[in-house]
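This report describes a protein model residue by residue and then as a whole. The sequence and structure are shown first, and the description follows.

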Amino acid sequence: TPAAVGRVLFAGLLALGLSAGASAASAPDYLFINKSSEVLIDDATVKALFAEFVSAKMAKLYPTNKWGFATQVEGGLTSGNTCVVTARVMLLQRNLPVTTKLLLFKPERMATTFDALPNASSAQCRELAKNKLQEANQALRSVLAP
C-alpha cells in the first residue's frame, strides 16, 4: 500500500539523517599523544576528555592534517599525603609529511593548570588530576576556538 511505502521511505530517510548527524558530531581526528602518569589518570579518561575538548570549529581553524595535541598530567601524593598535580595540554604542529604520525615539540599554544590538596586519598588525587586536565582543556579551547 502507498502508506506502507511512505512509512518505509520515511524510516530510511530518518536513519540516513541520524547517521549523517552522528558522523558530523564525532570528534575531529587529530593526532593525539598522552604522556600522563597512569597513577593519576588512566588513558581512557584522558581520551574521553580530549574528545569533549576538540570541536568542528577547532578543526576548521586548526586543520587535523597540520596540527595535533599532546597532554601531560604529572604529580602524585607526597610523604605528607598532599596531592600535587600539574596538567598541561599543547597544540603542536605535525611533522611533514603528515603520514609520519609525529608532532614537533614547538607548542603553538599551551595551557597548564596545577593544584595541591592536603590530606588527600589516592581517589581524591585522581579526581583532582581529572579536574585539572578539564580546566586546562577549557583554557586552551577558549583561546583556540572561542
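Lys 47 has a relative accessible area of 47% and is therefore partly exposed, where buried means under 20% relative accessible area, exposed over 50% and partly exposed in between, with a 1.4 Å probe and protein chains only. The model is a predicted one, in which local features need pLDDT of at least 70 and side-chain atom pairs count only at pLDDT 80 or more, whereas totals for chains, interfaces and linings use all residues. Residues are numbered from 1 along each chain as its sequence is written, and side-chain values use heavy atoms, with hydrogens and water left out.

## Salt bridges

The side chain of Lys 47 meets that of Asp 43 in a salt bridge, at 3.0 Å from N to O. A salt bridge is here a side-chain nitrogen of Lys or Arg within 4 Å of a carboxyl oxygen of Asp or Glu. Both residues lie in helix α2, four residues apart, which is about one turn of the helix. Helices (H or I, at least four residues) and strands (E, at least two) are DSSP runs, numbered from the N terminus. Asp 43 counts as partly exposed because its relative accessibility is 27%.

In total, the structure holds three salt bridges.

| Asp 43 | Lys 47 | 3.0 Å |

Is Lys 132 buried or exposed? Lys 132 has a relative accessible area of 9% and is therefore buried. Asp 115, in contrast, is partly exposed because its relative accessible area is 33%, and Glu 135 counts as partly exposed at 38% relative accessibility.

## Two buried positions

Ala 70 is found in strand β2, which covers residues 67-77. With a relative accessible area of 10%, Ala 70 is buried. Its contacts, meaning heavy atoms within 4.5 Å, include Ile 33, Arg 88, Val 89, Met 90 and Leu 92, with residues up to four places away in sequence not counted. The C-alpha atoms of Ala 70 and Ile 33 are 4.6 Å apart in space, although the two residues are 37 residues apart in sequence.

Ser 37 lies in the loop between β1 (31-34) and α2 (43-53). Its relative accessibility is 17%, so Ser 37 counts as buried. Leaving aside residues up to four places away in sequence, Ser 37 touches Val 73 and Glu 74.

## Backbone at two asparagines

Most residues other than glycine have a negative phi. Asn 81 has a phi near 60 degrees, a positive value in a residue other than glycine. Asn 81 is placed in the loop between β2 and β3 (83-93) and counts as partly exposed at 41% relative accessibility.

Asn 119 likewise has a positive phi, near 50 degrees. The place of Asn 119 is in the loop between β4 and α4. Asn 119 counts as exposed because its relative accessibility is 66%.

## The protein as a whole

The secondary structure comes to four helices and four strands. Along the sequence, these elements follow the pattern α-β-α-α-β-β-β-α. Of the 146 residues in the protein, 32% are buried. Among contacts with a separation of 6 or more, 67% are accounted for by residues 24 or more positions apart.

The protein exposes about 8700 Å², and carbon and sulfur atoms supply 60% of that area. Accessible areas come from the Shrake-Rupley method with a 1.4 Å probe, and for residues only the protein chains shown count as cover.
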